[in-house]
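Take a look at the sequence and the structure together. The paragraphs below walk through them step by step.

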Amino acid sequence: MSDDEQRGRGAVPVHRVGGLLGDLQAADEQPVAPRRRADAERNRAQILTAAERLFAEQDPRTVTMDRIAKAAGVGRATLYRSFPDPSSVAVALLDEHERRLQGQLIYGPPPLGPGAPAGERLAAFYLAMLDLLERHLPLALGAETGAARFRTGAYGFWRVHVRTLLVDHGVRDPDPLIDIALAPLAPELFQFQRHQLGLSTDRIGHSLAGFARELLRSGT
């Protein structure tokens, strides 16, 4: 297990105004702040629900901020306060599903979690990622297509995980292999294989599991 896989997020500091006047002002503001937070959370939930529907109904790469705002019933300013572009909305939606998988890689039972040989863990990771892509392909296409894929936090996590497996197996120079090992999981490649070539996830998964075991067989 890698320490990099378990890093958390820092909290935002809260500042108060000192003195009696500051205390009175804070007391006056207390009923307002929770209401504003509740409004923001409600707007965010509406945005994510509407965006997920849009991503599923059409090519995710054609979804615009105007369409998201209209479908969510919020103003453009409200939308842009939470998200800068459609890709960031898709990332937020996909993030929850990817975090579940990340937890399984760290704490779950083998072969997906710790305790199995590196080749078996890589094979299990491929199968889990194929399942995620099968269930959430529209979101993955909206969030992780092309160069955008390499900038997501999830991709950084996958890189750390694969590198850990390569190092644990004894690969002498793992860094050039990391992205090669992750390349078969590109959302647009999965879309091509599944929906243009008509390959089943079982066929793709069987081939990738064999590739994982072969890749890590020699340990050199």
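Start with the surface. The accessible surface of the protein chain is about 12,700 Å². Carbon and sulfur atoms account for 53% of that area. Keep in mind that this is a predicted model.

Now go inside. The protein chain has 220 residues, and 40% of them are buried. Its architecture is quick to describe. There are 10 helices and 0 strands. Reading along the sequence gives the pattern α-α-α-α-α-α-α-α-α-α. Take the contacts between residues at least 6 apart in sequence: 65% of them join residues at least 24 apart.

Next, see how particular helices pack. Begin with helix 5, residues 86–107, and helix 7, residues 153–169. Their axes lie 11 Å apart, at an angle of about 15°. An angle under 35 degrees counts as roughly parallel, so helix 5 is roughly parallel to helix 7. The crossing of these two helices is left-handed. Which residues in helix 5 and helix 7 meet? Helix 5 brings E98, L101, Q102, L105 and I106. Helix 7 brings A154, F157, W158 and H161. By type, the residues of this contact are 6 nonpolar, 2 polar and 1 charged.

Helix 7 also packs with helix 6, which spans residues 118–143. Here the axes come within 9 Å and cross at roughly 160°. Angles over 145 degrees count as roughly antiparallel, and therefore helix 6 and helix 7 are roughly antiparallel to each other. Helix 6 passes helix 7 in a left-handed crossing. On the helix 6 side, the residues are A118, R121, L122, F125 and M129. They meet W158, H161, V162, L165 and H169 in helix 7. This contact divides into 7 nonpolar, 2 polar and 1 charged residues.

Now turn to the loop between helix 5 and helix 6. P111 is found there. What kind of peptide bond joins P110 and P111? The bond is cis, with omega at about 10°. For background, most peptide bonds are trans.

Two single residues round out the tour. The first stop is L54, in helix 2, which covers residues 32–57. Is L54 buried or exposed? Its relative accessible area is 10%. Buried means under 20%, so L54 is buried. Leaving aside neighbours within four places in sequence, L54 is in contact with V63, R67, I68 and A71. L54 and L139 are 85 residues apart in sequence, and their C-alpha atoms are 9.9 Å apart in space.

The second stop is R213, in helix 10, residues 201–215. R213 has a relative accessible area of 36%. That value falls between the 20% and 50% cut-offs, so R213 is partly exposed. Which residues does R213 touch, not counting those up to four places away in sequence? They are G119, E120 and A123. R213 and E120 are 93 residues apart along the chain, yet their C-alpha atoms are separated by 6.6 Å.

Key:
Residues are numbered from 1 along each chain as its sequence is written. This is a predicted model: local features need pLDDT of at least 70, side-chain atom pairs count only at pLDDT 80 or more; totals for chains, interfaces and linings use all residues. Side-chain values use heavy atoms; hydrogens and water are left out. Helices (H or I, at least four residues) and strands (E, at least two) are DSSP runs, numbered from the N terminus. Buried means under 20% relative accessible area, exposed over 50%, partly exposed in between (1.4 Å probe, protein chains only). Contact means heavy atoms within 4.5 Å. Accessible areas come from the Shrake-Rupley method with a 1.4 Å probe; for residues, only the protein chains shown count as cover. Axes are lines fitted to C-alpha atoms, for helices over the stretch in contact, and angles run from 0 to 180 degrees between N-to-C directions. Angles under 35 degrees count as roughly parallel, over 145 as roughly antiparallel, 65 to 115 as roughly perpendicular and the rest as oblique. A crossing is left-handed if the near helix is turned anticlockwise from the far one by less than a right angle, and right-handed if clockwise. Ala, Val, Leu, Ile, Met, Phe, Trp, Tyr, Cys and Pro count as nonpolar, Asp, Glu, Lys and Arg as charged, and the others, Gly among them, as polar.
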